[in-house]
Amino acid sequence: MADTKPARLDVRKTYKLFIGGGFPRSESGRSYVVHDTEGGFLANAALASRKDVRDAVVAARKAFPGWSGRTPYNRGQIVYRVAEMLEGRRAQFADEVARGEGLATGDAEAAVDASIDRLVWYAGWADKVAQVVGSSNPVAGPYFDFSVPEPTGVVAVVAPQESSLLGLVSVLAPVIVSGNTAVVLASEARPLPAITFTEVLATSDLPGGVVNVLTGRIAEVAPWLASHMDVNAIDLTGVRDADTARELELAAAENLKRVRRPDPGDEPDWTADQGTARLTWPLETKTVWHPIGI
Amino acid sequence: MAFEYAPAPESRAIVDLKSSYGVFIDGEFVDTADGHTFKSISPATEEVLAEITEAGPADVDRAVAAARRAYDDTWSTMPGAERAKYLYRIARIVQERSRELAVLESLDNGKPIRESRDVDLPLVAAHLFYYAGWADKLEYAGLGPDPRPHGVAAQVIPWNFPMLMLAWKIAPALAAGNTVVLKPAETTSLTALAFAEICRQADLPPGVVNIVTGAGDTGRALVEHPGVDKVAFTGSTEVGKAIARAVAGTAKKVTLELGGKAANIIFDDAPLDQAVEGIINGIFFNQGHVCCAGSRLLVQESVYDDVLTSLKRRMATLRVGDPLDKNTDIGAINSAEQLAKIRTLSDIGEAEGAERWSPPCELPDRGYWFRPTIFTGVSQAHRIAREEIFGPVLSILTFRTPAEAVEKANNTPYGLSAGVWTDKGSRILWTANQLKAGVVWANTFNRFDPTSPFGGYKESGYGREGGKHGLAAYLKGGEN
């Protein structure tokens, strides 16, 4: 019976980093095993090193002038485009989130849908946040005086540990839509949807370097992000250990990074209304004065 | 043509100084529980003005406990409209006593009476008046229907604008419903203590405002006290970093308003006479003891000679001397320690090859004085171009293109303020957009207003003071 065809062997993906718009392996040549929630093998992810952090920060800094210089309308369109690309790969993400987080198919699909909708929500904020938090200031003198929000610069993000896609999107989209560039450390145990998400970013007209994604250990990577002198702010949402969070905040004080501390208690409910807090924390207020006269 | 001026001293008879002051806790001036005393002197004469208490940890503890009681029992439950009326009342008393307070400020700090009288005190009253009006309008601040205060605010302020910094801190804190423990700088405690007395005149409930005097140790004890919910600090970047470390891993909210090395950019089409006045105001206002001082002058090469000539001519007319003289432009350096720092950095400027110039002027025999000084031939690598001198010392650099001006202006870890001088509107807006600075003054400099947010990028700190932004810093959910 020689004509039974053997089952086709599937072609697996190599999960790499996302730096400057490219997909390099870790310069360290290392990887770590990613398991599903049952302990089964899912893939090998790149184990990022200090030098990967350096490369990612350099890429983010290089991308900052161009990205922050885009019009808010343009940034909004690009983040909306990210939502479009994610919608197109909805089934793939549902499958990956289900396996990575151990969710039932319906729950995984709901997480992906919520991620898409959250991107759309933040996309719309691009050209509205300045009107909500900016101001014209009625000073007691003949001056025109106004305050506008500006992106703070390069923002490091320790992504949520449990919610590998919805949590990631919920912390990342508000950072970049206002013009910041980001270096994200993906969920340590569940990094695969983040890496697949970078394929979405890479096909959404998002300039290279605006988002850089590392996979690896918080204990190894996060201290380099917290102490890097060219990082302006750090989001510690994904750091669940209080001592680690404190150590990172101490390191961040060296150049007075803006720090978003982990939320108290468990990981935030990512399905809840997000408000504007994640949008405003990495913003600076610039106030400009000019005399009025003839 | 040189004008001679007869002395025109403001009388200090209006000030009633006590020989010694306790700390102000729970509505009473009390003796220290575990501290010591130190002398506060006039920097213009080195005369001892009063004995001040150096509050110890037990004093700080009592003050925080008093603030907590006042928060729980009185201030956080009082209707906003009533809090507003207390603040309005305080603002009015400040206005009523403004001359006395201006004289006291000039005596203690060394700043010219012209500035304390015409800038500091009017702004103190304006800040109190502005934030008073917010107290019953918090639901309109954009933070939801019922924004809540943090609780007890620890506030540590510097010596350069003692009473103004007190008002910047206390007015929004109280309006939002917080109670405060404030520590003034050790060389300038007197107006804060006078403010404590004003709180009593206003019948402010005990414990809502507490004043603990002292130096760094007192400030550290206050900031690190576990009963504190919110920390607000204005001062050096070095101490700001220490505070950021001290609150790491706690739930305390922080705003920091720190050092600066502001660029003041003069383009070739600027109105040069106005620009020179702006340069003078930018660096010599308040003896240069200003975190947002325009201490790095960037002049476009084509007008460099004109600007320098005009600047020197104008500097020669500056009158340095008795802070209480109404004709004085530049008063005394606040302390011997600060004078030593200014001298050291200026000497380093010379040693590194920059050229130093000051107009000839006589300085009083006693007290702490420093001539208005400019350095030319300064490169970006020079320490006088990188470090905050916090004195009347200007470093002058040049540029050729707008891009080079912006590059040099932003080449600093600080980012508090900047100046732009040009007659071209589009260039103002382009430059303002490029500058990494929290406040940009275009064709003006060193303007302040309670409605206008103030604060820095990068190592100049975080959070803003003034306006709706400054109010939000004292409300939950509004930390940014």
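Biologist: What makes residues of chain A and chain B count as in contact?

Modeller: Contact means heavy atoms within 4.5 Å. By that rule, 37 residues of chain A are in contact with 44 residues of chain B. Keep in mind that this is a predicted model, where local features need pLDDT of at least 70, side-chain atom pairs count only at pLDDT 80 or more, and totals for chains, interfaces and linings use all residues. Residues are numbered from 1 along each chain as its sequence is written, and side-chain values use heavy atoms, with hydrogens and water left out.

Biologist: How do you know what area the two chains bury between them?

Modeller: Buried area is the accessible area (1.4 Å probe) that two parts lose on being put together, summed over both. For chain A and chain B that comes to about 3100 Å², with 51% of it on carbon and sulfur atoms. In chain A, Leu256(A), Arg261(A) and Trp289(A) lose the most area to chain B, together 23% of what that side buries.

Biologist: Now to chain B itself. Why is chain B called as compact as a globular protein of its length?

Modeller: The radius of gyration is taken over C-alpha atoms, and the globule rule is 2.2 Å times the number of residues to the power 0.38. For 480 residues the rule gives 23 Å and chain B has 22 Å, which is close, so chain B is as compact as a globular protein of that length.

Biologist: What makes a residue of chain B buried, and what percentage of them are?

Modeller: Buried means under 20% relative accessible area, exposed over 50%, and partly exposed in between (1.4 Å probe, protein chains only). Buried residues make up 63% of the 480 in chain B.

Conventions:
Chains lettered and ligands numbered in written order.
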